[in-house]
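Open the model in your viewer and keep the selection tool ready. The stops below cover charged pairs and a nonpolar patch.

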Amino acid sequence: MTDDEPVELANEYATVHVRRVQTRNGVRLEIVSPQAGRAIRLCPLELEALTWQTHETFSEFLRTPFGPESDGE
């Protein structure tokens with residue numbers, strides 16, 4: 001994969017574009033969700049930290065994808 005050459009990953013629930021980008025602080029992996037209009041750039045340590053997680057952790061993310069439910073406050 002080279003800079004500016006996104007790879008599209010998709011299934012019936014989501015589509016993301018992934019590419020490697022060079023920044024002033026080094027190489028980052030950029031992940032863009034066109035449908036949600038959101039993007040993030042992750043450094044190698046942040047990506048490694050993802051490997052420390054369990055599938056249950058990601059299931060929790062998907063249960064409340066935009067944060068905890070408001071308790072009315």
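Where do Glu 60 and Arg 63 lie, and how many residues apart are they? This is a predicted model. Select both residues. Glu 60 and Arg 63 both sit in helix H2. They are 3 residues apart, about one turn of the helix.

**Stop 1: the pair in helix H2**

Show the two side chains. Glu 60 forms a salt bridge with Arg 63. The closest N and O atoms are 2.8 Å apart. Now colour by accessibility. Glu 60 counts as partly exposed because its relative accessibility is 41%, a value between the limits of 20% and 50%. Arg 63 has 60% relative accessibility, so Arg 63 counts as exposed.

**Stop 2: Glu 30 and Arg 19**

The structure holds 3 salt bridges. For another, select Glu 30 and Arg 19. Their side chains meet in a salt bridge, 2.6 Å from N to O. This pair links distant parts of the chain. Glu 30 is in strand S3 (residues 26-33), while Arg 19 is in strand S2 (residues 15-23). The two residues are 11 residues apart.

The cut-off for buried is under 20%.

**Stop 3**

The side chains of Arg 41 and Glu 30 meet in a salt bridge, at 3.0 Å from N to O. Arg 41 lies in strand S4 (residues 38-42) and Glu 30 in strand S3, so this pair ties together parts that are 11 residues apart in sequence. Check the accessibility of Arg 41: at 43%, Arg 41 counts as partly exposed.

**Stop 4: the nonpolar patch**

Clear the selection. Switch to a surface view. Which residues make the nonpolar surface patch? Pick Leu 50, Phe 58, Phe 61 and Leu 62. Together they make a patch of about 410 Å².

Which helix gives the most to the nonpolar patch? Helix H2 (residues 55-63) does, with 3 residues. Select Phe 61 to finish: this residue lies in helix H2. Helix H2 also holds Glu 60 and Arg 63, the pair from the opening stop.

How values were computed. Residues are numbered from 1 along each chain as its sequence is written. This is a predicted model: local features need pLDDT of at least 70, side-chain atom pairs count only at pLDDT 80 or more; totals for chains, interfaces and linings use all residues. Side-chain values use heavy atoms; hydrogens and water are left out. Patches are made of residues with over 30% relative accessible area and no salt bridge: like charges are joined within 9 Å, nonpolar side chains (Val, Leu, Ile, Met, Phe, Trp, Tyr) within 5 Å. Accessible areas come from the Shrake-Rupley method with a 1.4 Å probe; for residues, only the protein chains shown count as cover. A salt bridge is a side-chain nitrogen of Lys or Arg within 4 Å of a carboxyl oxygen of Asp or Glu. Helices (H or I, at least four residues) and strands (E, at least two) are DSSP runs, numbered from the N terminus. Buried means under 20% relative accessible area, exposed over 50%, partly exposed in between (1.4 Å probe, protein chains only).
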